[in-house]
Every structure is written in structure tokens, then in C-alpha cells.
Amino acid sequence: MRKFLGYILSPIHYILFGLLLVIFHPIQWICFNAFGYKAHKRSVDTLNFCLVCSYYVLGDIVNFTNKKNLPIGRPIIFIANHQSLYDIPVMIWYLRKYHAKFISKIELAKGIPSISYNLRHGGAANIDRKDSRQSITEIAKLGTRMKENKWSAMIFPEGTRSKDGTVKTFQVGGIATLLKKCPEALIVPIAINNSWKMVRYGQYPLNTFLNMTWEVLTPIEPEKRPLEEVVLEAENAIRKALPPSPLKGE
């Protein structure tokens, strides 16, 4: 039944999603060029709030839980498992006061209304996965921006999205580069559950009437501990917060 409803509701969602991207592209341009970073960020935050609302057209529900007293004005590296592209608007909106910037594939920085513009001008690190030197340089620049502006970063250390919700082994490299440039950053894990089901049938139809969750977990102070140990602690915390195994059924 959910899949059947997806055939009906997915086109409505896609039309709304696409219209939002087209409408907010010139709004971003005006905000950035006429009023600067703060106005541009507000436009991006508002766009992502609207994008999250478009999930509800499908009957999908977003539950974002943050019961941790995270510091404002201190750089944070948010580490999350990655289940779908639909993870991202949720985190941009709910983590907006922390100025979290993404590490993104450079391909996304071209040709997508609103999204590409924000990736180019909003402070993200756009990396070429085929060029390790370029990737390290871009992530290092983000680390410097974090230190100078008290911004945060969002990183998916699995490297690729999980197609069935299974958490993959976390990679240390990007986090190490950020901490090298911004050693005062706090590590904060986020456990994402069920967003993979939204695209379990591919891009069409999208799945419907899901309960998707994002949970901010206990912060981790890197201090002078081995980074591999810190990242493993974050990975294990996320695994513990998720169901024992991906739910294959509806």
C-alpha cells in the first residue's frame, strides 16, 4: 500500500521540491550579493525548512531529537551515518544555529538550482573524490573557516550512503583534517534511522508514511586522545542508538 501511494504522491512531492529550489535560487542570489552572509544563511535555512515540509506530502514524518546542551560559539563536528540525500535538509534546518557546513561532492556544486549555489557560496567544502590533494585542501579550508568564524561542520564518515540502513565503518581522514585546523572542535554524533526507506524503491516511487528519526547523541571531547579511538566511539554510539538490524519490512 505504501508503494502504491508513492506512485500517487511522489509527483506532487517532486513538483513542490523542484519549485522550492527554483524559487529560492534568485532569493539566495539577492541575499548573498546585496546583504551578505547572514541574509544568505537565513534564506538557506528557510529553504530547507520548506524542503523538510515537502516530506509531509508523502505522509513521511521527521522526528529530530536534541536533548544535549550543545555549546553556541564553539566549533562542532557533527558525525552522522548517511542513509539518503533526504538526510541533509533536516540537518541544515535543525542544526541551523550551529552554522554547520557540509563536506560535499564537487559534482553537486554545479547545475542544481539553490543547492549548487549554496554549496559554492555558503561555506561548504566541495571535494573531488578522484583528487585526494584537492579534497584535503578543501577540507582544510573548511577547518580554517570553522576556527575563524566559530562555524561547525557536518560529515558522513561512511563515505557513501547506506542502501539498507546498515552502518558502514567510519573513515577518519576528513575528521582528522578538520581537527588539525580546528583542534578546539567538539565531536557530536547523530544517529539517523529510517530515511533509507524513503528511497528503498529508488527515486520513483518514493516511500510513504514513514517515521524517520534524527537523534543527537552525547558529545565527545577529542582532547589528546587518538583520533581513531574518538571516531570509533562516535561510530559505536550511533550503532547503539539504532535498531539491531535494518528493518526490511514495511
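Q: How many of the eight residues of strand 6 (residues 186-193) are buried, and is the strand enclosed or open?
A: This is a predicted model, in which local features need pLDDT of at least 70 and side-chain atom pairs count only at pLDDT 80 or more, while totals for chains, interfaces and linings use all residues. Residues are numbered from 1 along each chain as its sequence is written, and side-chain values use heavy atoms, with hydrogens and water left out. Strands (E, at least two residues) and helices (H or I, at least four) are DSSP runs numbered from the N terminus, and buried means under 20% relative accessible area, exposed over 50% and partly exposed in between, with a 1.4 Å probe and protein chains only. Strand 6 is largely enclosed by the rest of the structure, because the number of its eight residues that are buried is eight.

Q: Which residues of strand 6 point the other way from Leu186, Val188, Ile190 and Ile192?
A: In a regular strand the side chains alternate between the two faces of the sheet. In strand 6, Leu186, Val188, Ile190 and Ile192 point one way, and the residues pointing the other way, also buried, are Ile187, Pro189, Ala191 and Asn193.

Q: Which residue of strand 7 is the bridge partner of Ile192?
A: Strands pair if DSSP finds at least two bridges between them. Strand 6 pairs with strand 2 (residues 76-80) in the parallel sense over five bridges, whereas four bridges join strand 6 to strand 7 (residues 211-216) in an antiparallel arrangement. Within the strand 7 pairing, the bridge partner of Ile192 is Trp214.

Q: What is the relative accessibility of Ala191?
A: Ala191 is found in strand 6. Beyond its neighbours within four places in sequence, Ala191 is in contact (heavy atoms within 4.5 Å) with residues including Asn81, Trp214, Ile238 and Leu242. Ala191 counts as buried because its relative accessibility is 3%.

Q: At what angle do helix 5 (residues 132-149) and helix 6 (residues 173-181) pack?
A: Axes are lines fitted to C-alpha atoms, for helices over the stretch in contact, and angles run from 0 to 180 degrees between N-to-C directions. Angles under 35 degrees count as roughly parallel, over 145 as roughly antiparallel, 65 to 115 as roughly perpendicular and the rest as oblique, and helix 5 and helix 6 are therefore oblique to each other. Their axes lie 8 Å apart, and the packing angle is about 40°.
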